[in-house]
Amino acid sequence: MPSPSRTAFEYDNLAQDRRSLQRSLANRLIYTAGKDPATATRRDWFYATAYTVRERLIERWMETQRAYYRADARRVYYLSMEFLTGRLLTNSLLNMGFHDECRDALWSLALDYEAIRDVEQDAALGNGGLGRLAACFLDSMATLSLPGYGYGIRYEYGMFQQRIENGYQVEHPDTWLRYGNPWEFPRPEVLYPVRFGGQVVEYADERGRRRFHWVDTDDVMAMAFDTPVPGYGTTTVNNMRLWSAKATHDFDLRYFNEGDYIKAVAQKNESENLSRVLYPDDSTRMGRELRLKQQYFFVSASLQDIVRRYLAHHDDLDGLPGKVAIQLNDTHPSLAIPELMRLLVDQHGLDWDRAWDIARRTFSYTNHTLMPEALETWPVALFEQVLPRHLRIIYDINHWFLEGVRRRHPGDVDRLRRLSLIDEAGERRVRMAHLAIVGSHTVNGVSQLHTDLMRQTVFADFEAERPGAIVNVTNGITPRRWLNQANPELSALVSGLIGSGWTRNLAELARLQAFAGDPAVQQRFLEVKHTRKALLATRLGERLGVTVDASSLFDVHVKRIHEYKRQLLNLLHVITRYNRIKDGRAGDVPARTVIFAGKAAPGYAMAKLVIKLIHAVGDVVNHDPAIGGQLRVAFVPDYNVSNAERIIPASDLSEQISTAGTEASGTGNMKLALNGALTIGTLDGANIEMREAVGADHCFIFGLDAEGVRNRRAAGYDPWQEYHAHEELRRAVDMIADGYFSLDERTRFRPIVQALTTGGDHYMLLADYASYVACQDAVDACYRTPGEWARRALLNVAGMGRFSSDRAIAEYAARIWRVTPVAPASRQPVDDSRQSVPVTLPASPAA
């Protein structure tokens, strides 16, 4: 079909002033939502507002894509199982620069912007730091005008909605799509087959080369949904493409007519399970199979889409690495490597060596963990059943790689065993991190400590094989979301002191150092902090029934619930503090409110028991009249981006207390410090670099470092020695063991005590207890001097410049992806939304 001519094809270029926005709001309510203003609900007005914003995104979005095609730009494709985007209305308005105008337009229609904003549900597309990092990175790619694409899965129910029932975590479906998603664009024409099972048939092609057919497969279709991602202070709008699973046949009329209504839709339901839930419980074989299929589903659709887009404008696949950079966010997308090999060899007829050279120059891999249990492996038997062609490709990659190792290290069988992509010990398993490393040109850690440990411990053999291939790019966060949006009062204070340039160049925060000692600025900071604490205190009272004093120290521990993150160590201090107050030994300590939030994986029994213990301790502490308001414990359920935006600005103390050497980086530590919370933490992850940035005197560091942890374990660490050495620790542990917090079932928490004692205390809570409690005493002493606390808090904000996701993405772009900015042509909007603007279409547009 010929493209419309320039004069024949025109569209409205929508302005962003209040009058134009008012008109758009009315149009969208009537013509898109189909509602009369007289009967419109708050939700109707939210959708009208979202569509008003979205239509102003679209022109920028399309012009951005046209600019990338005109420049024939090298693009970054960021593959991630999670994108924890949070609510998009306020973020889009702030990034596009007409937040106040939209708020005023709604007010002029007698509508409350804040109430309408709060109708939006968080997109259930992630769980924790991994997904939030990916969302920050997409924001920064757009802000820096880098040609970027995010690829993931459009989960129908997310991970789960966490509810607390009788102190226990109970998982419920997160029905975030119940009312639709106004930000996404369904692309039913962008549909790819994804294959599972079947068998592999070997044959010789016309040139006698060994080839393979993958036949008799069960197929699922992947359908695209696109969401525009606007940059801040730029007209660049990038794309996030998520895949939804669709059955090849929705409905079997034969079974329906026979009265078997369940079987009539069985294939549809089974196929679409692939995109229903994030991280299905893998404690069963069916759960493990579903998770493996889920990972392949999204990388297969993404790779097919990437290759299709490249070939729409290029003929030679040898040029693919020059135009395509694929970043694997953790091991979940590692199957992209054998999938690209399958596409190049089986579908496009390239020989193995040529295809492997292309693949290795295309991929790079970010590692996010060194914990052996978190480094994904899959049973060979399961792989053979689900992805038989890919298992053969992995065997071939492994053979190629180990032959090279064998030539360099003849006779070193142990080295071959350690480096092999297949773990031969016990049940044979495919090592996905090994696959990602071997198939990538660059591997990066996410903090300096993490990267050093990668090189020195888990991946030391790979570092020896390719020195310099493992590099560091410390994580970062977007200041637009985590200060400008989440904490408008502090944002205004900062901008009033140093200007607003920090929103695009966070390094400018360093200029705040000059004001940290000013008593007037300190007082203003404390007032801003109190404002946010009062808002959170009200919410805790309304939602949880926990009465909180906003002048108390807000001690915040918000993370995924996991033993290595040591929420239990925090609880041991809470119990110790409770005992001191109850015994009259606390002295003149400030009142403290300890706030927990986070989800436990559905199959993680110990983490779920810790949640129950938090609630049990809170029930005792909060209702003991002897405590007199000196200590409160609260657990905020269903921790997500929106809850984080409420809690983080109100935080005084940031708990970053993982066992040294276990946390790759952490980004919650950065968000909290950016909002003026002081850190109490171990020398783990990015805490080390944060201490360097803000000064050792302006945070509270305790416990063993990573080397100390290794040495204690090597020396035969005995937690019982710690238990007997510290009376307060022994008392706290005994209270848990003896049922002080579980009178109805005194043995309920014995598994926790056993893990800490006879179980060996793997994460060394008892080893760090005394140091942690002493550090908490230092926190109390500092908080009693508000001016000094405010000075340190301001210096923490000032020191966060290097922890911007803009800085991290600029490093990826220069050192790993080798991509440069491409700024779209900007078009001046007209002042009347009814006018039109002509557009010249590209000769062969591609989605």
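View A. Arg187 has Ala224 of strand 9 as its bridge partner. Strands (E, at least two residues) and helices (H or I, at least four) are DSSP runs, numbered from the N terminus. This is a predicted model, where local features need pLDDT of at least 70 and side-chain atom pairs count only at pLDDT 80 or more, while totals for chains, interfaces and linings use all residues. Residues are numbered from 1 along each chain as its sequence is written, and side-chain values use heavy atoms, leaving out hydrogens and water.

View B. Strand 9 (residues 218–230) is largely enclosed by the rest of the structure, because 11 of its 13 residues are buried (under 20% relative accessible area, 1.4 Å probe, protein chains only). Strand 10 (residues 237–247) runs antiparallel to strand 9, joined by 11 bridges, and Val220 sits opposite Ala247. Between the two strands come 6 residues, and in this hairpin Gly233 has a positive phi near 65 degrees.

**View C. The buried side of helix 30.** In helix 30 (residues 727–737), the buried residues include Leu729, Val733 and Ile736. Among the elements covering the buried residues are helix 23 (567–583) and helix 32 (765–783), with contact meaning heavy atoms within 4.5 Å. After the helix comes Gly739, with a positive phi near 90 degrees.

View D. Pro379 is bridged to Arg429 in strand 15.

Note on methods
Buried means under 20% relative accessible area, exposed over 50%, partly exposed in between (1.4 Å probe, protein chains only). Two strands pair if DSSP finds at least two bridges between them.
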